[in-house]
Amino acid sequence: MIGSEVLLTSAEISLALCGFGSVVAAFSGDRKQWEAMEVVRFRALIVITLTAALVALIPFLLFYAGIEAAEMWALASTVVAVLSSGLLIGMLVYARVPMVTHGSRIWSFIAISIASLVVLVNVLNVLSIGFRSSFTGYFSGLLFMLILAGLYFIRLIILSGPQARGRQAPPASDRKLPP
């Protein structure tokens with residue numbers, strides 16, 4: 001199958017981001033102190049990484065079901081278009097939240113624009129317009145999900161901990177060590 005190594009690597013990367021994101025969240029302090037947007041971003045990271053892993057593995061299911069290559073990429077692109085549309089709707093809802101800062105709105109606009117383009121590319125791939133139901137159209141959606149998940153992961157790392165939230169961490173002398 002064309003791109004099988006790339007697809008397996010993509011699934012591994014997405015699951016690694018999900019796992020490491022969960023570890024960072026677990027060790028970033030008291031989750032009761034998390035702001036609402038931090039919770040939304042963490043949930044978005046988990047949803048996007050698991051969606052990317054699913055998208056990366058769908059062609060294998062279709063391939064082993066005996067579906068021809070052109071039909072396989074068209075069906076996989078259909079799934080990517082539907083899931084990317086769901087991500088797009090989520091991004092549109094997120095962009096309308098009053099707590100979102102101006103800088104976040106700019107990044108949201110860029111992500112929404114790229115997500116719209118990904119949906120369009122995958123719809124064209126399904127319809128065999130310009131791509132002829134190829135791996136390239138399908139992979140654009142998967143790559144977008146991986147990049148988006150990576151950005152959420154980086155943001156989680158940068159913004160985790162009390163220092164990033166504008167609160168002071170307790171001094172080292174005040175911290176109690178376990179016996």
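Which residues lie nearest the centre of the largest pocket? They are Trp107, Ala111, Leu148, Leu151 and Arg155, out of 19 residues that line this pocket.

## Basis of the model

This is a predicted model, in which local features need pLDDT of at least 70 and side-chain atom pairs count only at pLDDT 80 or more, while totals for chains, interfaces and linings use all residues. Residues are numbered from 1 along each chain as its sequence is written, and side-chain values use heavy atoms, with hydrogens and water left out.

## The largest pocket

A pocket here is an open set of points on a 1 Å grid over the protein atoms alone, where a 1.4 Å probe fits and protein lies on both sides within 12 Å along at least five of seven lines; lining residues have an atom within 4 Å of a point. The largest pocket holds about 510 Å³ of space, where a volume is the space filled by probe spheres set on the points, and points are joined across faces, edges and corners.

Helix 3 (69-95), helix 4 (102-126) and helix 5 (135-158) each give two or more residues to the lining of the largest pocket. Helices are DSSP runs (H or I, at least four residues), numbered from the N terminus. Helix 5 has the largest share of this lining, 9 residues. By class, the lining has 13 nonpolar, 4 polar and 2 charged residues. Ala, Val, Leu, Ile, Met, Phe, Trp, Tyr, Cys and Pro count as nonpolar, Asp, Glu, Lys and Arg as charged, and the others, Gly among them, as polar.

## The second largest pocket

The second largest pocket holds about 210 Å³ of space. Its lining has 13 residues, and Ala44, Leu87, Gly90, Met91 and Tyr152 lie nearest its centre. Helix 3 gives the most to this lining, with 6 residues, and helix 2 (36-64) supplies at least two. The classes are 10 nonpolar, 2 polar and 1 charged.

## The nonpolar core

A nonpolar core is a set of buried Ala, Val, Leu, Ile, Met, Phe, Trp, Tyr and Cys residues joined through side-chain atoms within 4.5 Å. Buried means under 20% relative accessible area, exposed over 50%, and partly exposed in between (1.4 Å probe, protein chains only).

The largest nonpolar core has 40 residues, and those with the most contacts inside it are Leu7, Ile48, Trp73, Met91, Tyr138, Leu142 and Leu148. Helix 1 (4-26), helix 2, helix 3, helix 4 and helix 5 each supply at least two residues of this core. The largest share, 12 residues, comes from helix 5.

## Ser128

Ser128 is found in the loop between helix 4 and helix 5. Ser128 is not a glycine, yet has a positive phi of about 60 degrees. Ser128 counts as partly exposed because its relative accessibility is 39%.
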